[in-house]
Amino acid sequence: MKTIFLDIDGTLVADKGTVPESAVQAIKQAQKNNHKIVLCTGRAMPEIYQPILDIGFDGIVACGGNYVECNGEVLYDRSFTHDELKELYDFFDDHQIEFYAESNSGLYTSSGCIEQLDRIADSLNNESFRQSMNHFKSHLINGADLYRKDINKISFLGSNTPFSQIHNLFESKFELFDLVVPMFGKNSGEISIKGTDKVTGIKLVMDYYDCDYDHTIAVGDGNNDISMLNFVKFGVAMGNATDKLKAIADYVSDDVNKDGLAKAFYHLELC
């Protein structure tokens with residue numbers, strides 16, 4: 001039995017915001033073959049929409065490792081402190097960087113976040129992406145108090161402030177990843193709690209199921225997947241993955257839009 005940790009965006013979910021039927025069938029067949037399939041994503045729980053959950057998974061690592069559950073049991077739930085939020089919000093405000101703060105209760109936006117997302121959709125002139133963006137925006141909460149006790153990750157949109165500047169300023173205090181959602185633009189990224197990443201969640205799931213490390217696999221496409229591919233026994237990068245991820249992967253599959261996840265499962269004889 002193997003345990004497979006799957007990223008969502010660009011790995012499980014294709015450009016149109018849907019899961020390819022080939023991926024659904026590959027996952028279900030792998031589970032019938034007694035393999036465990038665990039979501040391992042930067043998305044917060046409100047972003048893991050019901051059609052994804054309906055596929056059926058053996059566990060969820062969300063918010064880049066800050067929230068973990070298996071069989072409905074919460075194994076881990078970590079949040080920013082008020083002072084940490086203030087430091088980040090003040091910086092974003094000073095540098096005119098739009099963002100949304102993620103929690104299990106919702107996705108809470110800065111004042112201009114939705115307007116910038118609209119501009120991004122308009123600039124790309126892609127109807128499928130626009131539909132996906134409209135669906136995503138329907139889950140955003142604007143105008144609410146951002147100083148909440150349950151914020152465990154912050155995603156920020158592209159701006160004129162170089163990611164390297166943000167990284168250099170905050171790397172000693174937080175975990176930072178660039179271009180997690182490439183459509184959000186140059187210098188976009190996400191900020192998570194220091195000492196927590198996807199590997200944090202993977203370890204908890206492995207302990208919960210008493211998994212054999214030699215039978216662990218991870219599949220991803222972004223720079224925030226580097227730690228998990230480095231950690232597991234066998235790492236798979238999608239064909240649309242970043243160059244950094246492909247460089248450390250044990251196997252590179254096809255593009256997510258070309259049945260890349262299913263092809264990876266078949267290559268690894270999971271289904």
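The model is predicted.

Start with the sheet. Six strands form an open sheet with mixed pairing. Their order is β8-β7-β6-β9-β11-β10. The edges are β8 (140-142) and β10 (174-178). Each edge strand has a single partner, so one side of each is left without a neighbour in the sheet. From one strand to the next, the twist averages 25°.

Now look at β6 and β9. Strand β6 covers residues 99-103, and strand β9 covers residues 153-156. They pair in the antiparallel sense, over 4 bridges. Tyr100 has Ser155 in β9 as its bridge partner. Keep both residues in mind: Tyr100 and Ser155 are among those that line the largest cavity.

A helix comes next. Helix α3 (residues 82-94) lies across β6, β9, β10 and β11 (189-193). Its direction is at about 5° to β9.

The largest pocket holds about 1,200 Å³ of space. It is lined by 46 residues. Closest to its centre are Asp9, Val13, Ala14, Arg43 and Val181. Which element gives the most to this lining? Helix α5 does, with 7 residues. Elements that each supply at least two residues include α2 (50-53), β6, α5 (127-137) and β9. By class, the lining of the largest pocket has 18 nonpolar, 16 polar and 12 charged residues.

The second largest pocket has about 170 Å³ of space. Here α3 gives the most to the lining, with 4 residues. Tyr89, Asp90, Phe92 and Asp93 are among the residues that line this pocket. Others in the lining include Phe99, Ser110, Ser111 and Leu146. The classes here are 5 nonpolar, 3 polar and 3 charged.

The structure holds 2 cavities of 30 Å³ or more. Strands β9 and β11 each supply at least two residues of its lining. Besides Tyr100 and Ser155, the lining includes Phe156, Val180, Val181 and Phe184. Val181 is also among the residues closest to the centre of the largest pocket. The lining of the largest cavity has 5 nonpolar, 3 polar and 1 charged residues.

The second largest cavity has a volume of about 30 Å³. Gly64, Phe177, Glu190, Asp197, Lys198 and Asn224 line it. By class, these are 1 nonpolar, 2 polar and 3 charged residues.

Notes:
Residues numbered from 1 in each chain as written. Predicted model: local features only at pLDDT ≥ 70, side-chain atom pairs only at ≥ 80, totals over all residues. Heavy atoms only, no water. Pairing = 2+ DSSP bridges. Axes fitted to C-alpha atoms, helices over the stretch in contact; angles between N-to-C directions. Contact = heavy atoms within 4.5 Å. 1 Å grid on protein atoms, 1.4 Å probe; cavity = no way out; pocket = protein on both sides within 12 Å on 5 of 7 lines; lining within 4 Å. Points joined across faces, edges and corners; volume = space filled by probe spheres on them. Nonpolar A, V, L, I, M, F, W, Y, C, P; charged D, E, K, R; others polar.
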